[in-house]
Amino acid sequence: MRILLVEDEKRMAQALCELLRQEKYEVDHCANGVDGLSAIEAGIYDIVILDVMLPGINGFDIAQNVRSKGIATPILMLTAKAELDDKVAGLDSGADDYLTKPFMTKELLARLRALGRRTLGTTDGVLSFSDITLDTGTFMLTCVTNGQSVRLSEKEYRILEYMIANGGQILTREQLAVKIWGYDNEAEYNNVEVYMSFTRKKLTFVEAKTEIKAVRGVGYELRCDDV
């Protein structure tokens, strides 16, 4: 799951990025509202952690802007503003949740997990597609017809998570590269092909009917023709 952190306080941003990466989240950081808004509009993030007091554009205006454009990415506002009116303003502007500084890391992570379940459309932390399930906590891939399981690497998991969340739609190599490796990463398209090969082998290992099909000149599709 890829998270965007929009936070201008350097130490806070560094601490949060480290915490989230320890929890196996992919994290990108923006230090001002203008860059944050642009990054949200790219549509590659599963959750946004958004400060209110930002240089350029404040968090309330960012939330209003993205919601007016139909962008439904869950937003957790993380700010020092603790007054009730500020919380109401944050939620009314389009935020899904609101957490004030200082905060307990356990609470932050719990709220992110809740937003993540909503994003992925799961209540029990398990994603399903045809004859496979994917555990979002353990990265275990299971074939439901025979019970065979295997643990995925982080990149393999991100690929299947993204493909399942998109309901078997055809995803381009560019979409996959940006979603899995991010804009600032120098990953090349052949990285996508390499990890697709690894992921296919895991599907074969569990004897799943679900396959990752290459669509010539376009990208990849998660498909199961035999179930």
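Trainee: Which elements do the buried residues of α2 pack against?

Mentor: Keep in mind that this is a predicted model. The buried residues of helix α2 (residues 33-41) are Gly33, Gly36, Leu37, Ala39 and Ile40. Seen down the axis of α2, these residues fall within an arc of 165°, so they line one face of the helix. The elements they pack against are β1 (2-6), β2 (26-30), β3 (47-50) and α3 (59-68).

Trainee: Which residue caps the N-terminal end of α2?

Mentor: Look for a side-chain oxygen and a backbone nitrogen. The nitrogen belongs to valine 34, and the oxygen lies 3.1 Å from it. The residue that supplies this oxygen is asparagine 32.

Trainee: Is strand β4 mostly covered or mostly open, and on which faces?

Mentor: In a regular strand the side chains alternate between the two faces of the sheet. In β4 (residues 75-79), five of the five residues are buried. Ile75, Met77 and Thr79 are on one side, with Leu76 and Leu78 on the other.

Trainee: Which residue stands opposite methionine 77 of β4?

Mentor: β3 and β4 run parallel, and three bridges join them. The residue opposite methionine 77 is leucine 50.

Trainee: Which element gives the largest share of the largest nonpolar core?

Mentor: That core has 28 residues, and Leu134, Leu141, Met163 and Met196 touch the most other members. Two or more residues come from each of β6 (126-129), β7 (132-135), β8 (140-143), α6 (154-165), α7 (173-181), α8 (189-205) and β12 (219-223). The largest share is six residues, and it comes from α6.

Trainee: How many residues are in the second core?

Mentor: This core is separate, and its members include Cys30, Ile40, Val66 and Ile71. Ile40 is also one of the buried residues of α2. The number of residues in the second core is 22.

Trainee: Why is the pair of phenylalanine 139 and tyrosine 157 classed as it is?

Mentor: A search of the whole structure finds three aromatic pairs. In this one the ring centres are 4.0 Å apart and the planes are at 5°. Planes under 30 degrees apart count as stacked. The class is therefore stacked.

Trainee: How many residues apart in sequence are the parts that this pair ties together?

Mentor: Phenylalanine 139 is buried, with a relative accessible area of 6%, and tyrosine 157 is buried at 1%. Phenylalanine 139 lies in the loop between β7 and β8, while tyrosine 157 lies in helix α6. The pair therefore ties together parts separated in sequence by 18 residues.

Trainee: Is lysine 179 buried or exposed?

Mentor: Lysine 179 lies in helix α7. Leaving aside neighbours within four places in sequence, lysine 179 is in contact with Arg2, Ile44, Tyr45, Asp46 and Tyr162. Its relative accessible area is 10%, and the cut-off for buried is under 20%. Lysine 179 is therefore buried.

Trainee: With which side chain does the side chain of glutamate 221 make a polar contact?

Mentor: Glutamate 221 lies in strand β12, and at 16% relative accessibility this residue counts as buried. The polar contact is at 3.3 Å, and the partner is arginine 223.

Trainee: Which residue does a cis peptide bond join to lysine 101?

Mentor: Most peptide bonds are trans. Here omega is about -5°, and the bond is cis.

Trainee: Is glutamate 207 buried or exposed?

Mentor: The place of glutamate 207 is in the loop between α8 and β11 (211-215). Its phi is positive, about 60°, although it is not a glycine. Its relative accessibility is 57%, and the cut-off for exposed is over 50%. Glutamate 207 therefore counts as exposed.

Notes. Residues are numbered from 1 along each chain as its sequence is written. This is a predicted model: local features need pLDDT of at least 70, side-chain atom pairs count only at pLDDT 80 or more; totals for chains, interfaces and linings use all residues. Side-chain values use heavy atoms; hydrogens and water are left out. Buried means under 20% relative accessible area, exposed over 50%, partly exposed in between (1.4 Å probe, protein chains only). Helices (H or I, at least four residues) and strands (E, at least two) are DSSP runs, numbered from the N terminus. The arc is that of the directions from the helix axis to the C-beta atoms. Contact means heavy atoms within 4.5 Å. A polar contact is a pair of N or O atoms within 3.5 Å; within protein, one must be able to donate a hydrogen and the other to accept it, and residues adjacent in sequence count only if both atoms are side-chain atoms. A nonpolar core is a set of buried Ala, Val, Leu, Ile, Met, Phe, Trp, Tyr and Cys residues joined through side-chain atoms within 4.5 Å. Rings of Phe, Tyr and Trp (its six-membered ring) pair if their centres lie within 6.5 Å; planes under 30 degrees apart count as stacked, over 60 as edge-to-face and the rest as tilted. Two strands pair if DSSP finds at least two bridges between them.
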